[in-house]
Amino acid sequence: MKLLLISGLILAMQSVNAQFRKYSNEFLNIGAGARGLSMGSAQAASITDGAAGYWNPAGLVHVQNMTQVNLMHSEYFAGIGKYDYASVALPTNNEKRVLGITGLRFAVDDIANTLFLVNPDGSLDYNNIQTFSSADYAFLLSYAQNLRRTEGQMINFGANAKIIHRSVGKFAKAWGFGLDAGLQIFKDKWRFGIVAKDVTSTFNTWSFNFTDKEKEVLYLTQNDIPVRSTELTSPRLTVGASRIFNIGKTSTLLAETDFDITFDGQRNTVISGDPISIDPKLGLEYSYKNILFVRGGINNFQKGLADGDTLNQKKVWIYQPSVGVGFRIKSVVVDYAYANLANQSNPLFTHVFSLRVDIRRRDKSVVF
C-alpha cells in the first residue's frame with residue numbers, strides 16, 4: 001500500500017523554509033459564536049460582546065460591569081471534525097480597558113495510521129493499525145481600550161497576541177505566533193470596523209518525529225520524509241460597516257457588510273486579483289426588546305461548475321447562506337446557527353450552538 005494517510009497529511013503541510021502559504025492556519029477563519037456564523041461572519045463593525053476577541057478585539061471595550069464567558073461547540077462532516085471555542089472577557093477597574101482570553105480547537109480524531117499495515121512479505125496485518133488525532137489550537141490574548149468617547153460617538157482600539165499549536169499525532173508538531181489589531185468607530189446609528197489579522201505575517205515552525213523504522217517505510221513506499229520547516233501566513237484585512245434601524249418602539253434591525261481583503265495571490269472570490277482578492281459578507285439581525293433575535297447572512301461567494309453541465313465548462317456564482325436565532329434570559333444568552341458549508345444545489349449544513357453568560361460585577365452602566 002503506497003498511499004498512506006499519515007504521509008498525505010504530513011506532506012500537505014510541508015513547505016519550503018519561510019514560505020508563504022495561501023491557506024495557512026485556515027482553521028482560524030471558521031468563525032466564533034453562533035451569532036457571527038448565522039450573520040455570514042459579518043461582525044467587524046457590530047460585535048460588542050466577548051466574542052470580539054476573535055472578530056475584532058476593539059469590540060471588547062463594550063463589555064463593561066461584568067465578566068463575560070462565551071462557549072461554542074460544532075461538528076462538521078457527520079461529526080468527523082470537531083470545533084470548540086471558549087472566551088472570557090475581563091473588564092478592568094478602569095472602564096476604558098478590557099482584557100480577553102480566547103481558545104480555539106479544531107480536530108479530527110481517530111485517524112487510522114496504516115504505516116505498518118503491510119508486512120515485509122506483502123500480507124496485511126490489521127492489528128498493526130493504530131489511531132491518532134490531528135488537532136489545531138489557537139490562544140488569543142486580547143487588549144482593548146477606548147480612545148475617545150463623546151456624545152453619540154465612540155472610538156475603540158484592540159489588539160491580539162496569538163499563540164498557535166498544531167499537531168498530527170506524535171509525527172508532527174508546530175508552534176506559531178502572530179498579532180492582530182482592530183479599530184471600531186460608533187457614530188450615532190452607524191458602526192464601522194477595521195481588522196488587520198496576522199499583521200506581522202504569522203509563522204508556524206514545524207518539527208517532525210519519525211523513528212528509523214517509520215522512515216524506512218516512508219522510503220520504501222516512495223514517500224518523502226518531511227524535514228523541519230516554517231510556513232508564513234500573509235496579512236488579511238477586514239473592513240466593515242453596519243447600521244441600526246429602529247422598527248417601532250420595541251424592535252431594531254442591524255445590517256452589516258464586511259469585505260475580507262487578502263494579499264496572498266488570486267483566490268476564487270467576487271473580486272479576484274493577484275495579489276489582492278476581496279470577499280464580501282452580508283449579515284442581518286432583528287432584535288425584539290433585546291430578548292429575541294433572528295439572524296441571517298450570506299458569505300463565501302465563489303464561481304463553481306454548474307451541476308447540469310456535463311462538459312464542466314459552465315460556471316455559476318454560488319454562495320453559502322446561514323440563518324439563526326437567539327434569546328436572552330436575564331444574564332444568559334443562547335444562540336443557534338444553521339450554517340451551510342457547501343453550495344446551494346448540494347448543501348452541507350451544520351448546527352452550531354453557543355452560550356454566553358454575563359457575570360455581573362456591579363450595577364453601574366455605561367452610556368454611549
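Predicted model: local features only at pLDDT ≥ 70, side-chain atom pairs only at ≥ 80, totals over all residues.

Tutor: Residues are numbered from 1 along each chain as its sequence is written, and side-chain values use heavy atoms, with hydrogens and water left out.

Student: How much space lies in the largest cavity?
Tutor: A cavity here is a set of points on a 1 Å grid over the protein atoms alone where a 1.4 Å probe fits but cannot get out, and its lining residues have an atom within 4 Å of a point. Volume is the space filled by probe spheres set on the points, which are joined across faces, edges and corners. For the largest cavity that comes to about 210 Å³.

Student: Which residues are closest to its centre?
Tutor: The lining has 21 residues, and by class they are five nonpolar, six polar and 10 charged. (Ala, Val, Leu, Ile, Met, Phe, Trp, Tyr, Cys and Pro count as nonpolar, Asp, Glu, Lys and Arg as charged, and the others, Gly among them, as polar.) Closest to the centre are Leu-28, Asn-29, Asp-198, Thr-233 and Arg-236.

Student: And the second largest cavity, what is its volume?
Tutor: Its lining has 17 residues, with Gly-33, Arg-35, Asp-49, Asn-70 and Asp-335 closest to the centre. The volume is about 100 Å³.

Student: How far apart in sequence are the parts tied together by Arg-356 and Asp-49?
Tutor: Their side chains meet in a salt bridge at 3.6 Å, N to O (the cut-off is a side-chain nitrogen of Lys or Arg within 4 Å of a carboxyl oxygen of Asp or Glu). Arg-356 lies in strand β18 and Asp-49 in the loop between α2 and α3; helices (H or I, at least four residues) and strands (E, at least two) are DSSP runs, numbered from the N terminus. So the pair ties together parts that are 307 residues apart.

Student: Which residues form one network of salt bridges?
Tutor: Start with Arg-295 and Glu-285, whose closest N and O atoms are 2.6 Å apart. Salt bridges that share partners give one network: Arg-35, Glu-285, Arg-295 and Asp-335.

Note on methods. 1 Å grid on protein atoms, 1.4 Å probe; cavity = no way out; pocket = protein on both sides within 12 Å on 5 of 7 lines; lining within 4 Å.
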